[in-house]
Structures are given as structure tokens and as C-alpha cells.
Amino acid sequence: MQPRIPRQSAGEQGGRWPDGTDLDDRFSAELASAVSGARRRAVRDGDRQIDTAHLLHSLLECDAEARALLADGPRVARVLGYLVQRSIGYGLRWQGAVEDSGAVPVVTGAAGFSPSAAAAMEEACARAERRGAGRAGGVDLLAALVADPRTRAVEVLARAAVEPHTVLARVEGHFESAP
């Protein structure tokens with residue numbers, strides 16, 4: 001049986017997005033690793049697309065800086081607990097449904113990603129560009145994930161008692177205090 005999403009999304013085949021941009025040109029090593037992990041997780045879970053919960057899960061596993069800005073240790077453990085349960089109960093209602101919060105314009109050209117996940121990836125790149133960084137990092141993606149209140153990632157955070165606005169404020173403070 002073929003997986004419902006390709007092992008590499010169309011946006012990642014050959015290490016390039018559809019616009020011809022190299023992944024290495026847009027993402028830090030941590031973020032590229034998180035995206036690859038999210039893709040593997042989606043395939044393993046039998047999901048049609050990488051969604052924001054897949055991205056959050058992989059980001060928390062791959063990027064210590066993003067994990068530290070998310071919450072204290074017990075809350076991070078609670079978030080990871082909900083994310084792990086996704087394929088065995090919590091989140092089963094998501095299977096077969098495309099994640100699209102409707103809060104942001106649909107980003108086309110990022111096949112393999114839900115509309116919300118594609119928008120978060122684009123927003124992470126835009127955030128990095130606005131602050132003059134060469135590549136988007138995990139913290140940029142964390143900010144993009146918590147900015148849209150109607151995504152699966154934010155739903156998981158809410159169940160774990162993590163306030164997205166607080167996380168976004170921590171991220172903004174992190175960048176303001178960075179040299």
C-alpha cells in the first residue's frame with residue numbers, strides 16, 4: 001500500500017521548494033530536521049498531509065531553544081504527551097481531514113503540507129527575513145505556529161495549559177534581547 005503522502009513532499013523533492021529555492025537557503029539545520037521529522041511522523045501516522053501538530057511535535061524534539069521558549073519542563077512534557085497520543089486516540093478525529101484554520105490565506109505550492117502548516121512555514125521564513133536572519137529557525141516556526149489560534153498545534157497547546165500569546169511574547173522578547 002502506498003503512503004498517502006510522499007516520503008518527500010513535492011516541496012522538498014531534490015531539496016528544493018517548487019519555486020526553485022534550496023531548503024538549505026531557507027531553513028536552519030534544526031528547522032530542516034524538524035520538517036523532515038514531521039514528514040516521517042505524518043507518513044507513519046497514515047496522515048495525508050503534514051499539519052501544524054506534526055511540525056510542533058518534531059520541532060520540540062529537534063530544537064532545544066524552541067522547547068525552552070515554549071514552557072516549563074512539566075508543560076512541555078504534557079504537550080509531548082498529547083502529541084504522542086495523537087495516533088492512539090487523541091487527534092484521531094483529525095485523520096482524513098485537511099487542517100485549514102481559514103485565518104491565513106492558503107499558500108499554494110507546498111504540496112504535502114496542510115494549508116495551515118504551509119502558511120506557518122512561509123511565515124517562519126518571513127519572520128526570519130524581517131529580522132535580517134539568513135535562514136528561518138525553529139523559534140521562527142514556533143512563533144508562526146502559535147500565531148494562528150485555530151490550528152491543531154494551538155489546540156494541543158491549549159489542552160496542555162500552554163497559552164499561545166505567552167509563548168509569542170517570549171519569542172518576541174528572545175529576539176529583542178538577542179545581539
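**Exercise 1. Determine how many residues helix H9 has and which of its residues are buried.**

Solution. Helix H9, residues 164–177, has 14 residues and reaches 20 Å from its first C-alpha to its last, close to the 20 Å expected at 1.5 Å a residue. Helices here are DSSP runs (H or I, at least four residues), numbered from the N terminus, and the expected span is 1.5 Å times one less than the number of residues. The model is predicted: local features need pLDDT of at least 70 and side-chain atom pairs count only at pLDDT 80 or more, whereas totals for chains, interfaces and linings use all residues. Residues are numbered from 1 along each chain as its sequence is written, and side-chain values use heavy atoms, with hydrogens and water left out.

Next, the buried residues of H9 are Pro 164, Val 167 and Val 171. Buried means under 20% relative accessible area, exposed over 50%, and partly exposed in between (1.4 Å probe, protein chains only). Seen down the axis of H9, the buried residues fall within an arc of 60°, so they line one face of the helix; the arc is that of the directions from the helix axis to the C-beta atoms. An α-helix has 3.6 residues a turn, so residues three or four places apart point the same way. On the other side of H9, His 165, Glu 176 and Ser 177 are exposed.

Finally, the cover over the buried residues of H9 includes helices H4 (64–70), H6 (115–130), H7 (138–147) and H8 (152–159).

**Exercise 2. Identify which residues have the most contacts inside the largest nonpolar core.**

Solution. This core has 42 residues, and those with the most contacts inside it are Leu 55, Leu 56, Leu 70, Val 79, Leu 141 and Leu 142. A nonpolar core is a set of buried Ala, Val, Leu, Ile, Met, Phe, Trp, Tyr and Cys residues joined through side-chain atoms within 4.5 Å. Among the helices that each supply at least two residues of this core are H2 (29–45), H3 (52–62) and H9.

Leaving aside neighbours within four places in sequence, Leu 55 is in contact (heavy atoms within 4.5 Å) with residues including Val 35, Phe 113, Met 121 and Leu 141.

**Exercise 3. State which side chain makes a polar contact with that of Arg 26.**

Solution. Arg 26 is found in helix H1 (residues 23–26) and is buried, with a relative accessible area of 14%. The side chain of Arg 26 makes a polar contact with the side chain of Glu 122 at 3.0 Å. Such a contact is a pair of N or O atoms within 3.5 Å; within protein, one must be able to donate a hydrogen and the other to accept it, and residues adjacent in sequence count only if both atoms are side-chain atoms. Glu 122 lies in helix H6 and is partly exposed at 29% relative accessibility.
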